[in-house]
Amino acid sequence: ADADAAAAVPERVSTADGRPIEVAANVGSEAEIAPAAERGADGIGLFRTEFLFYDRETPPTEAEQYEAVTAALSAFPDGRVVVRTLDVGGDKQVPYLDLPDESNPFLGRRGIRLSLDEHRDLFETQLRALLRAAAHEHGEGIAVMFPLVSRIEEVEAAVSAVESVAADLAAEGIDHAVPELGAMVETPAAVFLADRLAERLDFLSIGTNDLTQYVMAADRENDGVAAYHDPLHPAVVRAIDRTASAAAGTDAWVGMCGEMAGDPALTELLVGLGLDELSMSAVTVPAVKQRIREIDSDAARALADEALACETRAEVRDALGLDGE
Ligand code: PEP
Ligand code: MG
């Protein structure tokens with residue numbers, strides 16, 4: 001019965017003038033899958049696989065990861081499920097992985113950096129599970145996303161890891177498929193390389209939690225610099241614009257899965273900046289969907305241009321009709 005409730009077909013939304021925007025949910029635990037479907041999310045825009053590694057003593061097996069991901073796919077039989085490969089390091093610690101002890105963990109070995117190096121084995125196990133899940137009856141919707149990309153070489157290496165896992169599975173006679181592949185844009189390097197990333201990948205997803213931290217040089221967890229860690233600073237708005245514009249001339253779609261995506265007061269700005277997909281915590285899905293239905297794309301673009309002309313956060317807030325601070 002639970003599975004039936006979760007499989008209810010969500011109502012897709014478009015702007016008032018007919019531009020479709022995908023509204024998806026961020027999922028950080030198994031328990032968040034069903035509520036995401038119940039709130040009407042079109043799919044999952046960020047499936048945080050880290051949760052599969054927490055509260056245990058050894059990494060999850062390929063079979064466990066396959067089960068978890070196919071459960072998510074089954075909850076969204078017609079939707080997309082964007083699975084992020086393991087993103088540990090920085091704020092996300094897993095004791096048994098023996099992550100390096102670093103004086104600047106946010107500038108250290110995190111995300112894809114670990115997957116391509118000391119945790120290559122975990123990366124390959126995870127890719128095996130994901131490529132097998134892509135051959136599941138609802139596997140067509142799966143997409144795989146690499147976190148903390150900052151170099152084209154990382155994308156090349158990650159894509160060749162996918163190809164080599166596919167070749168292994170083929171040699172073993174195991175059912176599999178190659179999913180859509182994408183990168184998170186959450187470093188300034190990825191913003192500057194967004195045109196090239198978009199040429200090589202199927203999609204980009206902007207992670208404003210980290211992107212704001214790195215653009216503004218302000219720790220996402222330090223209350224002392226909370227005023228700096230705000231995606232409405234003009235530099236961050238411009239970084240989002242640059243990313244969306246860079247992808248606009250390619251076949252890649254661009255989404256956002258940072259906290260910013262879930263604030264209905266910012267939806268018009270994000271639509272105006274050209275995002276195709278917004279992924280957020282499930283509770284905000286209905287409000288953001290409602291907001292999208294009211295938006296006129298041309299007015300949204302004009303609002304984005306106005307925000308892009310601002311010099312200060314206060315001016316951006318004012319342009320959006322938000323109060324000063
Ligand atoms: C982000 O950085 O914006 C993001 C979505 O990833 P996380 O918050 O998990 O680092
Ligand atoms: Mg991040």
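**View 1. Pairing of strands E5 and E6 in the predicted model.** In this predicted model, strand E5 (residues 142-146) and strand E6 (residues 180-185) run parallel and are joined by 4 bridges. Within this pairing, valine 144 has leucine 181 of E6 as its bridge partner.

View 2. A residue pair to locate here is methionine 184 with its bridge partner in E7, serine 205.

View 3. Strand E2 (residues 20-27) pairs with E9 in the parallel sense over 4 bridges, and alanine 25 has methionine 280 as its bridge partner in E9. Strand E8 (residues 253-256) runs parallel to E9 and is joined to it by 2 bridges, with glutamate 277 of E9 as the bridge partner of glycine 255.

**View 4. The shell around ligand 1.** The residues that surround ligand 1 are Leu46, Arg48, Asp87, Glu186, Gly207, Thr208, Asn209, Asp210, Cys257 and Gly258. Two elements, strand E3 (44-48) and helix H9 (208-216), each give two or more residues to this shell, and H9 gives the most, with 3 residues. By residue class, the shell around ligand 1 divides into 2 nonpolar, 4 polar and 4 charged residues.

**View 5. The whole chain, as context for the close-up views.** The secondary structure of the chain comprises 14 helices and 9 strands. Its radius of gyration is 19 Å, close to the 20 Å that the globule rule gives for 325 residues, so the chain is as compact as a globular protein of that length. Along the principal axes, the C-alpha atoms fill a box of roughly 55 × 50 × 35 Å. Of the 325 residues in the chain, 47% are buried, and among the contacts with a separation of 6 or more, 68% are made by residues 24 or more positions apart.

How values were computed
Residues numbered from 1 in each chain as written. Chains lettered and ligands numbered in written order. Predicted model: local features only at pLDDT ≥ 70, side-chain atom pairs only at ≥ 80, totals over all residues. Near = placed C-beta within 6 Å. Nonpolar A, V, L, I, M, F, W, Y, C, P; charged D, E, K, R; others polar. Rg over C-alpha atoms; globule rule 2.2 N^0.38 Å. Buried ≥ 20, exposed ≤ 12 C-beta atoms within 10 Å, placed from the backbone. Contact = placed C-beta atoms within 7 Å. Pairing = 2+ DSSP bridges.
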